[in-house]
Amino acid sequence: MTVPSTPPAPTVLVIGGFLSSPPVYGPLREPLLARGAGHVEVAQNWTPDWILSVRRGGGAIATRAARALLRAVDEADGVPLLVVGHSTGGGEVARYIGRHG
């Protein structure tokens, strides 16, 4: 009889809304880790470069949150990845899925 191996603990990436920052969602870190997450990252969505990009007609893919999402997916390497997007952060996640599947 083969005993199934335990899957690795998931990485959780939280991408907040436009005016939120890591201190807003940071309190989620400890409860998620206590419930079995292997790593929790809270990405900042609001940055001055994003504001300038939007004013100049650029896309939101240049935000730190989008870069954090791309990095998390690249680094997942077989580890389950749970991405939580709230408000504008949810838009970041939807854009990623639309572009990359």
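**Entry 1: the core**

I began with the inside of the chain and found that the largest nonpolar core is made up of nine residues: Leu-13, Ile-15, Ala-43, Ala-65, Ala-68, Leu-69, Ala-72, Val-93 and Tyr-96. I then looked up where they sit, and the elements that give two or more residues to this core are β1 (11–15), α4 (64–76) and α5 (88–100). Of these, α4 supplies the largest share, with four residues. I noted as well that what I am reading is a predicted model.

Which residues does Leu-69 touch, once its neighbours within four places in sequence are left aside? I listed Leu-13, Ile-15, Val-83, Glu-92, Val-93 and Tyr-96 as its contacts. Apart from this core lies another one of six residues, and I wrote down Val-12, Val-14, Val-40 and Val-42 as being among them.

**Entry 2: the order of elements**

I counted five helices and three strands in the chain, and reading along the sequence I get the pattern β-α-α-β-α-α-β-α.

**Entry 3: the sheet**

I next followed the three strands, which form an open sheet in the order β2-β1-β3, with parallel pairing. The edge strands are β2 and β3, since each of them pairs on one side only. On average, neighbouring strands of this sheet are turned by 15 degrees against each other, if direction is ignored. Helix α5 packs on the sheet, where it touches β1 and β3, and the direction of α5 makes about 135 degrees with that of β3.

I reminded myself that strands of a sheet pair through backbone hydrogen bonds, either parallel or antiparallel. On one side, β1 is joined by five bridges to β2 (residues 39–43), and the two run parallel; here I found Thr-11 standing opposite His-39 in β2. Five bridges also join β1 to β3 (residues 81–85), again in parallel, and in this pair Ile-15 stands opposite Gly-85 in β3.

Is β1 mostly covered or mostly open? I found that β1 is mostly covered, with four of its five residues buried.

I picked out Arg-95, which has its place in helix α5.

**Entry 4: the chain as a whole**

Of the 101 residues of the chain, 30% count as buried. The accessible surface comes to about 6,300 Å², and 60% of it belongs to carbon and sulfur atoms. Among the contacts with a separation of 6 or more, 71% are between residues 24 or more positions apart.

I kept confidence for the end, and noted a mean pLDDT of 76 for the chain, with 73% of its residues reaching 70 or more. Where is confidence lowest, and where is it highest? It is lowest in helix α3 (residues 48–55), at a mean of 49, and highest in helix α2 (residues 29–34), at 90. Over residues 52–58 the pLDDT is below 50, and beyond near neighbours in sequence I find two contacts for this stretch in the model. Where pLDDT is low, the predicted coordinates should not be read in detail.

Terms used. Residues are numbered from 1 along each chain as its sequence is written. This is a predicted model: local features need pLDDT of at least 70, side-chain atom pairs count only at pLDDT 80 or more; totals for chains, interfaces and linings use all residues. Side-chain values use heavy atoms; hydrogens and water are left out. A nonpolar core is a set of buried Ala, Val, Leu, Ile, Met, Phe, Trp, Tyr and Cys residues joined through side-chain atoms within 4.5 Å. Buried means under 20% relative accessible area, exposed over 50%, partly exposed in between (1.4 Å probe, protein chains only). Contact means heavy atoms within 4.5 Å. pLDDT is the predictor's confidence in each residue, from 0 to 100. Two strands pair if DSSP finds at least two bridges between them. Accessible areas come from the Shrake-Rupley method with a 1.4 Å probe; for residues, only the protein chains shown count as cover. Axes are lines fitted to C-alpha atoms, for helices over the stretch in contact, and angles run from 0 to 180 degrees between N-to-C directions.
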